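Here is a short note for someone opening this entry for the first time. Please keep the view open while reading the points.

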Amino acid sequence: MLSYRTVCFTKAWIKVVHLTALKFISDTENMASRSYGACFLCHRAAAVNIMFRSVSSAALPQPKVDFLKGELHRKHPGVTNLKTVRLPEHLQLAAQSIIHRVRVPQLVERSQKLTNFLWSRKRAVEDLMLRQKAVSMEKELWEKAVQNIGRDVDEQLLGDRIRKKVLSELRRTTYRWTPLKYDEELSMVYMAARLAGGYAAVRRALNEIKKRDPSFAPQTLLDFGSGLGTVAWASHSCWDDSFREMVCVDSSAAMNVLAEQLLKGDDERAQPHIKHVYFRQFLPVSPKVQFDLVVAAFTLSELPNVNDRADAVMTLWRKTNSYLVLVENGTKEGHQMMLEARDVLLTKQEKVVHDPRPASVFAPCPHEMMCPKLAQKPVTPCNFHQRYHPLPLPGRHECQTEKFSYLILSRTEPAEPTPEGLDWGRLIAPVLCRTRHVHCHVCRSDGRLQHMVVTARKHSRDMYRCARNSEWGDQLPIVENVKEETKVHSDSES
């Protein structure tokens, strides 16, 4: 039997447990009531927030502009970028076969050096600028000599010394532009270095025309400075067999032979994969002969001076029936050459006009005013990029990015006018998607750069979703609605 003390202790313990349980139940009830109150307050706050948003939306009416034309937001009319580009299968197999057959020594290393050289290449210094620089340096040296030595010196001897010093300094600081002569071996190195990247840039530029002018079906093509024939391959990828004549002009006979071998799949007895391609070393003489599509890709940089580039651009424009496409490296030099060509075609008046239709900028500029990037300090080039798969050579397995500048001019009027209240801006930097807002740097049709923070509430749901699905280089539909807070774009990707 239990002792009296044990029984008393057990009763006391049961009482303590009972009181603890009652306290726990009471605390639980209080917590439940507080939780219910907090939940109620949360629901009230959410309701107020929804009401506030509805009032704000009502205060900012969104205009309905049908710019989607039945397309999904990720495929809106301003999307012109391509996914990662691959070389056509026949072209890649032919290039691999030629490389395997010819076996150029140190091909990979030499192709990388050539790529670096072409990317860092500058325009030749003009004679007028060189003379001005020499005169300025000579004047500065004369002033220093007179201050340090005095006037009692042999001027002839001092003048000879100064001139020698000026010449030495000019040789040391002036960029020496030299033309490239593509023989058989250098053409092979160029193919390994630039075939895939050049094709990707041209393919992306031509896709701008194909997307924005779907009714355009060119029948004739002129490729000035055709090189490996990548323009013919890219045009064929865009418009298939609509062409009945493709004229490829290149001064290098070795490059023309290599381009023809690529068309035949490295088999002299085979038929060309693309029909009606003709290779020439000189442009057609007659100014009345025009082509639906005229392209000069990475060619203006091979011309020695600004006058030669201007004459070439005007000659190509005379031979253009619909579109003229110019492509260069996405460097400051490439951008400057595009601006030179743009100014020549928009301002220069010809003595004899064979086609009175004026030039208009089709892409990438949404305006025909001075490039607003020139007003920035430091000046950054207007360039774009395209991902691509390189030739499968040793050390090249990952995708690469081709950065380029381009210009498309047109003789044709736009098929449909832009609806009132809608503006198409060009995205000139990567799009930064954040929570419920998107940072977009655009070049507007009024000639200014703008940093826009796009939200669904300020700019409409359609514009917001289009911004989230756009990339650097696409056109962004801008619905003019409310006075939004914007700031001038001050920095972009170079």
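Predicted model: local features only at pLDDT ≥ 70, side-chain atom pairs only at ≥ 80, totals over all residues.

1. Helix α7 itself spans residues 230-239 and is mostly covered, with 9 of its 10 residues buried. The buried residues are T230, V231, A232, W233, A234, S235, H236, C238 and W239. They pack against helices α2 (89-102), α6 and α8, and against strands β1 (220-224), β2 (245-249) and β4 (291-297).

2. The largest nonpolar core has 66 residues, and the members that touch the most others are M191, L206, I209, L293, V325 and V327. Helix α6, residues 184-212, gives the most to this core, with 16 residues. A second core of 26 residues is separate, and V249, M338, A341 and V344 are among its members. In soluble globular proteins, nonpolar side chains tend to be buried together.

3. I209 deserves a look of its own. Leaving out residues up to four places away in sequence, I209 touches P214, F216, W239, L293, Y323, V325, F362 and I408. Of these, W239 is also one of the buried residues of α7.

4. Two packed helices are described by the angle between their axes and the distance between the axes. For α6 and helix α8 (residues 253-263), the angle is about 50° and the axes are 9 Å apart. The two helices are therefore oblique to each other, and their crossing is right-handed. On the α6 side the contact is made by E184, S187, M188, Y190 and M191, and on the α8 side by A254, M255, L258 and L262. By class, this contact of α6 with α8 has 7 nonpolar, 1 polar and 1 charged residues.

5. Helix α9 (residues 306-318) and helix α10 (residues 332-347) form another pair, with axes that come within 10 Å and cross at roughly 55°. α9 and α10 are therefore oblique to each other, and the crossing is right-handed. From α9, the residues V306, R309, A310, V313, M314 and W317 meet M337, E340, A341, V344 and L345 of α10. The contact of α9 with α10 divides into 9 nonpolar, no polar and 2 charged residues. A341 and V344, which take part in this contact, also belong to the second core.

Terms used
Residues numbered from 1 in each chain as written. Heavy atoms only, no water. Core = buried A, V, L, I, M, F, W, Y, C linked by side-chain atoms within 4.5 Å. Buried < 20%, exposed > 50% of the residue type's maximum accessible area, 1.4 Å probe, protein only. Helix = DSSP H or I, 4+ residues; strand = E, 2+ residues; numbered from the N terminus. Contact = heavy atoms within 4.5 Å. Axes fitted to C-alpha atoms, helices over the stretch in contact; angles between N-to-C directions. Parallel < 35°, antiparallel > 145°, perpendicular 65-115°, else oblique. Left-handed = near helix turned anticlockwise from the far one by under 90°. Nonpolar A, V, L, I, M, F, W, Y, C, P; charged D, E, K, R; others polar.
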